[in-house]
Amino acid sequence: MSDIQHDPQEWDALPRMAWITGAGKGIGRALAERLAGLGWTVYASARTLNDLNDLAAATDELSGEVRPLPLDINDRDACARAVAHISNDGQPLGLVVLNAGTHTPTPAGEFDAEVVGGLISTNLTGTVNCLAPAMKMLMQQGRGHIAVVASLAGYRGLPRAAAYSASKAGLIAMAEALYPELYRSGVGISVINPGFVKTPLTDKNTFEMPCLIEVDEAVDAIIKGLARQKFEIAFPTRFVMIMRLLRALPYALYFKLTGKILNR
Ligand SMILES: NC(=O)c1ccc[n+]([C@@H]2O[C@H](COP(=O)([O-])OP(=O)(O)OC[C@H]3O[C@@H](n4cnc5c(N)ncnc54)[C@H](OP(=O)(O)O)[C@@H]3O)[C@@H](O)[C@H]2O)c1
């Protein structure tokens, strides 16, 4: 147990050691780089060791340090072992960013149980595989902060994205449900809901992405949101407003709009 009575909302008081999943590319990688630049020690996980080694080399000159910790979040035992490895470090873990995730379109005409189940499994169950041991560790420490990367696509079921929207809505609900109990244990939790961010994931999209932002802008918003003790860190503002408006629409209007999207 920690000897410090930590307010779970105090970013500056967090021990400067983080674990980021999905840190080999995109948002996770950029966040790992930023934290290492701010002096944090970052355990960086993804399946591709080369990406993690490349990240460690790229951050070599910074004041912090990136430590590769390869992992498939679908492997529950491996997730438990990863947290045990971090715990054996002997230093308190301040921040856990459960960012690993993927997307593939799942239109009704090609609604394949293996594809849909696989996506939900990685985005939701895979995150849970990491969340369970990490949460236990932070609760034992009596301090620390967890950030779960969901998506604005979790606000409502989006056309051709049934699996993705379902997985991200599940993550948002899970973080909401855990918040009060974690808070009592001295542990904070946030949900990060990005709009479109330019990464290897969205580079595969063939449609026009409204309000697309660069990854550094996403990292700015994440760091700012964490420092401001926000539960929901959603960005970019214009797209958040649009998605909040869509979320508030009654079904009749919402389905008119999504029907128009399909006709494009
Ligand atoms: N980019 C966006 O516009 C956007 C918008 C909203 C939400 N998000 C969410 O933000 C997160 C990051 O997205 P991104 O755009 O940065 O994606 P990305 O560029 O594809 O990077 C994803 C990272 O996650 C890792 N990963 C994927 N599956 C994994 C698994 N089973 N186990 C461990 N690591 C795994 C990948 O590495 P390996 O393949 O080597 O494992 C990679 O390092 C995702 O959860 C995504 O849903 C993104």
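Colleague: Is the crossing of α3 and α4 left-handed or right-handed?
Modeller: The crossing of α3 and α4 is right-handed (the near helix is turned clockwise from the far one by less than a right angle). Helices are DSSP runs of H or I, at least four residues, numbered from the N terminus. This is a predicted model, where local features need pLDDT of at least 70 and side-chain atom pairs 80 or more, while totals for chains, interfaces and linings use all residues. Residues count from 1 along each chain as its sequence is written.

Colleague: At what angle do α3 and α4 pack?
Modeller: About 30°, with the axes of α3 (residues 76–88) and α4 8 Å apart (lines fitted to C-alpha atoms over the stretch in contact, angles 0 to 180 degrees between N-to-C directions). That makes α3 roughly parallel to α4 (under 35 degrees).

Colleague: Which residues of α3 and α4 meet?
Modeller: R76, C79, A80, V83 and S87 in α3 meet N129, C130, P133, A134 and M137 in α4 (C-beta atoms, placed from the backbone, within 7 Å).

Colleague: And how does α4 pack with α5?
Modeller: Helix α4 (residues 113–141) lies at about 20° to helix α5 (residues 162–184), axes 9 Å apart. So α4 is roughly parallel to α5. α4 passes α5 in a right-handed crossing. Residues of α4 that meet α5 include V116, L119 and I120, and on the α5 side A162, A163 and Y164 are among them.

Colleague: New topic: which residues come nearest the ligand?
Modeller: G22, G24, G26, R47 and G101, of the 31 residues around the ligand (C-beta atom, placed from the backbone, within 6 Å). The elements giving two or more residues to that shell are α1 (26–37) and α4.

Colleague: What is the largest share of the shell?
Modeller: Three residues, from α1.

Definitions and conventions
Parallel < 35°, antiparallel > 145°, perpendicular 65-115°, else oblique. Contact = placed C-beta atoms within 7 Å.
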